[in-house]
Amino acid sequence: MVMDNQSSSSPPVPRRHFLNLLTASSLTVGGVICIWPFLESLKTQNTIVTHSYTDVDISSLKEGQQITVMWQGHAIFILHRSAKTLALLKDQELLIRLRDPDSKELQQPPYTKNWHRSIQPEIAVLIGVCTHLGCVPTLKLNNSLGGHYNCACHGSKFDLAGRVYNNMPAPYNLPVPPYKILKPGILRIGENPNGENFDFKSLTQI
Ligand code: FES
């Protein structure tokens, strides 16, 4: 079980230290989110060899809450965005400050190439790795649930859909992994929705 509220002001964590941090966090936080990638992958190893997946229970994830899980060595942010947060994502004053507001770069599967960069508007699923040099950005939310991701390594800033601001060291939006809604409240990270065949390796930059 892994749960990581990223709203603190602690500095970003280099990727090479992140797994250790998550392990330590899981011992102290416990609780809400169940992950069973290992058992599931054992059950399916005869049919799925290179596309391992992680199932995540988000049924108790509240607005403004974020959890972080690991999938194929990557930190995956899952953020429950409020209606106010979603409205801010469409604000023209924000959009003109973003490098790729329409997600033209291949940094997400085609089924998340939309204004919220996700399948369900309220649930963001992002690879939490800065596209500059790979630090782990930190979630910064304000009281009205606006906010951004900040990478303090060299100051890159991303909105709450993972879109990078202009003139930042990071050249691309945060990647979106392949995922699908397995059933209400359960996400499967690492598998496309039925009928989709997006190849994770085709992302421009992870
Ligand atoms: S690694 Fe994020 S700004 Fe450099």
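Glu 191 has a relative accessibility of 15% in this predicted model, and because buried means under 20%, Glu 191 counts as buried. Lys 180 has a value of 14% and therefore also counts as buried. The side chains of these two residues form a salt bridge, with N and O 3.2 Å apart. The pair connects distant parts of the chain: Glu 191 belongs to the segment after β11 (186–189), Lys 180 belongs to strand β10 (residues 179–183), and the two are 11 residues apart.

Glu 191 has a further partner in Arg 188, and here the N to O distance of the salt bridge is 3.6 Å. Arg 188 is buried, as is Glu 191. A network of salt bridges links Asp 55, Lys 180, Arg 188 and Glu 191. The count of salt bridges in the model is four.

| Salt bridge | N to O distance |
|---|---|
| Arg 163 and Asp 159 | 2.8 Å |
| Lys 180 and Glu 191 | 3.2 Å |
| Arg 188 and Glu 191 | 3.6 Å |

**The sheet**

Strands β2, β11 and β10 make up an open sheet of three strands, in the order β2-β11-β10 and with antiparallel pairing. Its edge strands are β2 (54–57) and β10, each of which pairs on one side only. On average, and with direction ignored, neighbouring strands of this sheet are turned by 30° against each other. Strands of a sheet pair through backbone hydrogen bonds, and the pairing is either parallel or antiparallel. Between β10 and β11 the antiparallel pairing runs over four bridges. Within this part of the sheet, Ile 181 stands opposite Leu 187 in β11.

**Trp 71**

Trp 71 is part of strand β3 (residues 66–71). Its relative accessibility is 2%, so Trp 71 counts as buried. Leaving aside residues up to four places away in sequence, Trp 71 touches Ser 52, Tyr 53, Thr 54, Ile 76, Pro 177, Pro 178, Ile 189, Gly 190 and Phe 200. Two backbone oxygens lie by its side chain: that of Ser 52 is reached at 2.8 Å, and that of Ile 189 lies 3.5 Å from a polar atom of the Trp 71 side chain. Between the C-alpha atoms of Trp 71 and Ile 127 the distance is 9.1 Å, although the two residues are 56 residues apart in sequence.

Arg 81 sits in the loop between β4 (74–80) and α3 (83–89). Arg 81 is buried but has no salt bridge. Its nearest side chain of opposite charge is Asp 159, 6.7 Å away.

Asp 159 instead forms a salt bridge with Arg 163, the closest N and O atoms being 2.8 Å apart. Both Arg 163 and Asp 159 are buried.

The side chain of Arg 81 does reach a backbone oxygen, that of Pro 121, at 2.7 Å. Pro 121 is also among the residues that Arg 81 touches when those up to four places away in sequence are not counted.

Methods:
Residues numbered from 1 in each chain as written. Predicted model: local features only at pLDDT ≥ 70, side-chain atom pairs only at ≥ 80, totals over all residues. Heavy atoms only, no water. Buried < 20%, exposed > 50% of the residue type's maximum accessible area, 1.4 Å probe, protein only. Lys, Arg positive; Asp, Glu negative; His and termini not counted. Polar contact = N/O pair within 3.5 Å; in protein donor to acceptor, adjacent residues only side chain to side chain. Contact = heavy atoms within 4.5 Å. Pairing = 2+ DSSP bridges. Axes fitted to C-alpha atoms, helices over the stretch in contact; angles between N-to-C directions.
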